[in-house]
Amino acid sequence: MTTLPGPRRLLITWASLMALTLISMASARLDPAARAQALPLWSAGLVLLAGGFKAHRVLMVYLNLRAAGSAWRGAFVGLLALTLTLIAGGYLAARWLG
Amino acid sequence: MSNDRALPNPGWGPLAALPGNPLMWVLILSELLVFAAFFALYAWQRAADPALFDAAQRQLDPLTGGLNTLVLLTSGLAAALAVEAIAAGRRRRARRWLGAALGLGAVFCAVKGVEYADKLGAGLTPETNLFFGFYYGLTAFHFAHVLFGMALLALVTWRLSTANVETAAAFWHLVDLIWVLLYPLLYLLR
């Protein structure tokens, strides 16, 4: 058994995950009038950043990847960054080509 | 050799440095790669027809998706606290946290079921258009993982051990991780 995060760190992580979810929902402007329009780029960026940071926290704290070697941490964070880059690339392509 | 013994899983070669069950990490990595491919496919298909995707996306309820995000991440906390409890030898507390994780998983399924019923009732099926093909395909694939994760949590509540709880919780966090990326992609980005 490796060193676990501990209840305090888990609770802080959970609170930050809740806050980031609410921030991304607010940033995505969910009122009906605003939903008819595309998000401003900064809002879309915030939604993606919040999602990426949440995924990072789930990996590092909930899954305890922080206890793994730096190579594995780098591999998973790299895969997460690649996934977010692909999503952001498709989103930006839709903005500029559509 | 002495360094290898200090690792969480000595004898597992390159996987030795990973916490918990190394095979679960292989599964997590492969699942992330599969979902990353689907996310990329969705993003690039959307780029080909953003008007269709945006119009279809407006028929989803992002508040329901957000509620399910809060529910699933709270369920993940309960699973992580179950690991803490079993590691400290508190078996009853671990069972209670696993029960809480399972209960919140059931809430996620109920909300998703209501959402599916609402969409299908409105005539929105996987054949409606490409967006709804992705919506049903991706969320149903994730939903299957939720059901499998709940079965695993129930199994380890019965066969309680540190290794079992740690392995089931790791799978449950994978379910969290995928949803955290799926929610903004399908419900928020437009």
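This is a predicted model: local features need pLDDT of at least 70, side-chain atom pairs count only at pLDDT 80 or more; totals for chains, interfaces and linings use all residues.
Helix 1 of chain A comprises 21 residues, and its first and last C-alpha atoms lie 30 Å apart, close to the 30 Å expected at 1.5 Å a residue. After helix 1 of chain A comes R29(A), which has a positive phi near 50°.

The contact between the two chains draws on 44 residues of chain A and 42 residues of chain B. On the side of chain B that touches chain A, at least two residues each are supplied by helix 2 (22-48), helix 3 (50-57), helix 4 (62-87) and helix 7 (162-188) of chain B. Helix 4 of chain B gives the most to this side, namely 14 residues. Sorted by class, the side of chain B that touches chain A holds 30 nonpolar residues, seven polar residues and five charged residues.

Within helix 3 of chain B, the buried residues include P50(B), F53(B) and Q57(B). These three cover an arc of only 65° around the axis, and so they lie on the same side of helix 3 of chain B. Among the elements covering the buried residues of helix 3 of chain B are helix 4 of chain A and, from chain B, helix 2 and helix 6.

The largest nonpolar core contains 83 residues, of which A82(B), A101(B) and A169(B) touch the most other members. Two or more residues of this core come from each of helix 1 (7-27), helix 3 (41-62) and helix 4 (70-97) of chain A, and from each of helix 2, helix 4, helix 5 (91-121), helix 6 (130-158) and helix 7 of chain B. Helix 7 of chain B makes the largest contribution to this core, with 19 residues. Apart from its neighbours within four places in sequence, A82(B) is in contact with A94(B), W97(B), L98(B), A101(B), V165(B) and A169(B).

Helix 7 of chain B is mostly covered, with 23 of its 27 residues buried. From its first C-alpha to its last, helix 7 of chain B reaches 38 Å, which is close to the 39 Å expected at 1.5 Å a residue. A bend of about 30° occurs in helix 7 of chain B at L182(B), and the proline P184(B) follows within four residues.

One of the contacts of A82(B) is L98(B), a residue of helix 5 of chain B. L98(B) counts as buried because it has 27 C-beta neighbours inside 10 Å, where 20 or more are required. When residues up to four places away in sequence are not counted, L98(B) touches A82(B), L153(B), V156(B) and T157(B). F148(B) is 50 residues away from L98(B) along the chain, and the C-alpha atoms of the two are separated by 15 Å.

Technical notes
Residues are numbered from 1 along each chain as its sequence is written. Chains are lettered from A and ligands numbered from 1 in the order in which they are written. Two residues are in contact if their C-beta atoms, placed from the backbone, lie within 7 Å. Ala, Val, Leu, Ile, Met, Phe, Trp, Tyr, Cys and Pro count as nonpolar, Asp, Glu, Lys and Arg as charged, and the others, Gly among them, as polar. A nonpolar core is a set of buried Ala, Val, Leu, Ile, Met, Phe, Trp, Tyr and Cys residues joined through C-beta atoms within 7 Å. A residue is buried if 20 or more other C-beta atoms lie within 10 Å of its own, exposed if 12 or fewer, and partly exposed in between; C-beta atoms are placed from the backbone. The expected span of a helix is 1.5 Å times one less than its number of residues. The bend at a residue is the angle between axes fitted to the seven residues ending there and the seven starting there. The arc is that of the directions from the helix axis to the C-beta atoms.
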